[in-house]
Number of protein chains: 2
Amino acid sequence: MSAMHRTKDDLIDPGRVAPETRRLCIHTATTRPLPLEIAVDEYVRAGVSGITVWRDALAGRNVRAAGERIRKAGLEIVSLCRGGFFVNADEEERIVAIEENRAVVREAAELGAPLVVLVCGADPAVPLPVARDQIRSGIEAVLPLAAELGVKLAIEPLHPMYADSRSAITDLATANRMCEEIDSPALGVAVDVYHLWFDPSLEAEIDRAGERILAFHVCDWRTPTRDLLTDRGLMGEGCIDIPEIRGWVEAAGFGGFIEVEIFSTEYWALEQRSYINRIVGAYEAHV
Amino acid sequence: MSAMHRTKDDLIDPGRVAPETRRLCIHTATTRPLPLEIAVDEYVRAGVSGITVWRDALAGRNVRAAGERIRKAGLEIVSLCRGGFFVNADEEERIVAIEENRAVVREAAELGAPLVVLVCGADPAVPLPVARDQIRSGIEAVLPLAAELGVKLAIEPLHPMYADSRSAITDLATANRMCEEIDSPALGVAVDVYHLWFDPSLEAEIDRAGERILAFHVCDWRTPTRDLLTDRGLMGEGCIDIPEIRGWVEAAGFGGFIEVEIFSTEYWALEQRSYINRIVGAYEAHV
């Protein structure tokens, strides 16, 4: 496993063009039917180098031991998904959400994940400007603990079709502005091609984000898309120009993992070993 | 019918706050099960003042006679839906689309519709910047005929979830920029709350559009939204602050019809007369 011998400097090499699996990371949610331990072994077998762990994959496990098991197998833990959901019409629930986010940050530290990705939250009963204020307050409340524990937080702008109930932050411009205003080295953004590919200002906003880009997620937009949540495509199956966007994030200085995050009832129904092989092939051909 | 005695000046009254059905227009696609003639009679019965005609509602009819029938019943024809779909990976198909749009403009003139709404088009095989160039070329090719026949064209930015196959123009900023560049009195924009409600720059872009706002469409965003195309909500059923956006378009100078455009398999399955009554009630309470 080359991942065993990888150093941070190896990862940052903007001159390289050919995709290499040493930068390939898979989200456990992508292979949701697999228990964490089997996912880890299958990722390693397929030559995958990184893993982003979803919290449901840790249920019933000792988090610290799970982290050690993952590293021992040869995978780098890229991030923990997910924190956020700071928005609530009910003030008490809003405070509970902040506490929950502190627990997520502690869990990331125990796991050994350097990053928590934030799906910032939205509530159909909360107007978007108020929701964005609640998100900002929530992040500011959690940041001190994150900084103390060495865990970063990434605001992930979501597709506008989730503006009602998942994220009041639906473009990179808003995420960038919030990062600039809060101005903490522990806060940045996650760029997911699925959520942002259509935005005419994307290249400029990626450039503006620069070193604040903490994560880069890939999948594809299928035509037709049959479900708002669980019909994402494998890279190359849809209309997103992933290499172009990858070029932009690398030009902005990002040299970290390229994370495959696909929610798909169709793919979850497949035999997962061959699906992981397809992911690796799609990564090599279309990222 | 007050609509019979309405003048243009009556419509422009920004000081008025209470919704009145003399500004209420329904799209034939909203009550899709009804043949045009029955839709017209039912709208009049319910006190609706305007109608936007979808082209499928004209199938098999003499267009000029249909227009006369509508006006005689007491409805104002607000627009013809829809032109556009200018984007195509196949150059010959692209030229066919331009010819088709000229036919739509002629149809609008025959019907007596002052406006054609453009769903500008997208093709998963065409990169978005190229698609936007094709849209601009297409509009420029159709504008002279539109100006000659006294028909205006409105670019309708669509929700980004349609960026793959329906519109490469997914925000009002891009529509405004295109209007400014083409700079024709026969070209403007259609503001549909469903497509734009989440955009943090919406108020500013509506102000920028100003007199170029040629149409204002309303419905609501349901939580959850169960289908990308046909699960729109009645006004008041979802999370869109329609009165706020209405305030913005009126502050920008718009005093035209407020058009109810709802695609919903759920509502199409209802008895349409009582559904139209519900539309009027939702308009009075939530617009």
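Predicted model: local features only at pLDDT ≥ 70, side-chain atom pairs only at ≥ 80, totals over all residues.
The crossing of α4(B) and α5(B) is right-handed.

Which residues of α4(B) and α5(B) meet? From α4(B) come Arg94(B), Ala97(B), Ile98(B), Asn101(B), Arg102(B), Val105(B), Arg106(B) and Ala109(B). Their partners in α5(B) are Gln134(B), Gly138(B), Ala141(B), Val142(B), Leu145(B), Ala146(B) and Leu149(B). Sorted by class, this contact has 9 nonpolar, 3 polar and 3 charged residues.

Now turn to the strands. In chain B, 8 strands close into a barrel, and their pairing is parallel. The order around the barrel is β1-β2-β3-β4-β5-β6-β7-β8. From one strand to the next, the twist averages 30°.

A helix also lies against these strands: α6 (residues 172-182) of chain B packs on the sheet. Helix α6(B) touches β5 (152-155) and β6 (187-192) of chain B. The direction of α6(B) makes about 170° with that of β6(B).

One pair of strands can be followed in detail. Strand β7 (residues 213-218) and strand β8 (residues 258-260) of chain B pair in the parallel sense over 3 bridges. Which residue of β8(B) stands opposite Val218(B)? That residue is Val260(B).

Definitions and conventions
Residues numbered from 1 in each chain as written. Chains lettered and ligands numbered in written order. Pairing = 2+ DSSP bridges. Helix = DSSP H or I, 4+ residues; strand = E, 2+ residues; numbered from the N terminus. Axes fitted to C-alpha atoms, helices over the stretch in contact; angles between N-to-C directions. Contact = placed C-beta atoms within 7 Å. Left-handed = near helix turned anticlockwise from the far one by under 90°. Nonpolar A, V, L, I, M, F, W, Y, C, P; charged D, E, K, R; others polar.
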